[in-house]
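Here is a short note to read alongside the model. Please keep the coordinates open as you go through the points.

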Amino acid sequence: MVTLREKSKEELVTWIPETFAGYIEERIGAGESRASAETNGKAQQEQLFPGGLPAEGQHAMNVLDGDEVVGTLWMGKPFGNLESTWFVFYVEIDEAHRGRGLGRAAMQAAEDWTKEHDGTRVALNVFGPNVVARSLYDSLGYQVMATAMFKDL
């Protein structure tokens, strides 16, 4: 059974910069310019983790399989602060633990966590090239709210 535990301050010291560096690269891979991705990523990092600590309503958690940390789940209040909605800003199962259903279990834990925190909706964003994640979310019943598209010329 997968459980969730808030990351310690010590864990956040390395997790935050690594996560936002990856986020910037995902934005670039999805078509955003490097300059724009870096500007937006750094602004969001400071907004959501000012001074290297989670802002109110942000929860960076370890995904545990028993006592072993197998990944990360970051839940937070979405921009616009919809009262009963929690947003999955980031979920990842460590590569060595993939293919065992832990991603599905982590998302189910996110849904349980949302209910425990008086939420009635889980929302998320997935970049188009991330076909594996999109397939998982589809299989769990998540619905597409919008599709952003571009074409390089």
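This is a predicted model: local features need pLDDT of at least 70, side-chain atom pairs count only at pLDDT 80 or more; totals for chains, interfaces and linings use all residues.

1. Please read every value here as computed from it.

2. Aromatic pairs. The count comes to 11 aromatic pairs. Take Trp15 and Phe49: the ring centres are 5.8 Å apart and the planes stand at 75 degrees, over the 60 needed, so the pair is edge-to-face. Trp15 belongs to helix H1 (residues 9-29), while Phe49 sits in the loop between helix H2 (34-48) and strand E2 (58-65). The pair therefore ties together parts 34 residues apart in sequence. Both residues are buried.

3. The link spans distant parts of the chain: Trp15 is in helix H1, Tyr90 in strand E4 (residues 85-93), 75 residues apart.

4. Burial. Trp15 has a relative accessible area of 7% and is buried. Tyr90, at 19%, is under the 20% cut-off, so Tyr90 counts as buried.

5. The cluster. Ring pairs join Trp15, Phe20, Tyr23, Phe49, Trp74, Phe87, Phe89 and Tyr90 into a cluster.

6. A charge over a ring. Lys77 lies over the face of Trp86, 4.5 Å from the ring centre.

7. The second largest pocket. Its space is about 170 Å³. Which element gives the largest share of the lining? H3 does, with six residues. Strand E1 (2-6) and helix H3 (102-116) each supply at least two lining residues. Among the lining residues are Met1, Leu4, Trp113 and Glu116. By class, the lining has six nonpolar, two polar and two charged residues.

Note on methods
Residues are numbered from 1 along each chain as its sequence is written. Side-chain values use heavy atoms; hydrogens and water are left out. On a 1 Å grid over the protein atoms alone, a cavity is a set of points where a 1.4 Å probe fits but cannot get out, and a pocket is an open set with protein on both sides within 12 Å along at least five of seven lines; lining residues have an atom within 4 Å of a point. Grid points are joined across faces, edges and corners, and a volume is the space filled by probe spheres set on the points. Helices (H or I, at least four residues) and strands (E, at least two) are DSSP runs, numbered from the N terminus. Ala, Val, Leu, Ile, Met, Phe, Trp, Tyr, Cys and Pro count as nonpolar, Asp, Glu, Lys and Arg as charged, and the others, Gly among them, as polar. Rings of Phe, Tyr and Trp (its six-membered ring) pair if their centres lie within 6.5 Å; planes under 30 degrees apart count as stacked, over 60 as edge-to-face and the rest as tilted. Buried means under 20% relative accessible area, exposed over 50%, partly exposed in between (1.4 Å probe, protein chains only). A charge sits over a ring if NZ of Lys or CZ of Arg is within 6 Å of the ring centre and within 35 degrees of the ring normal.
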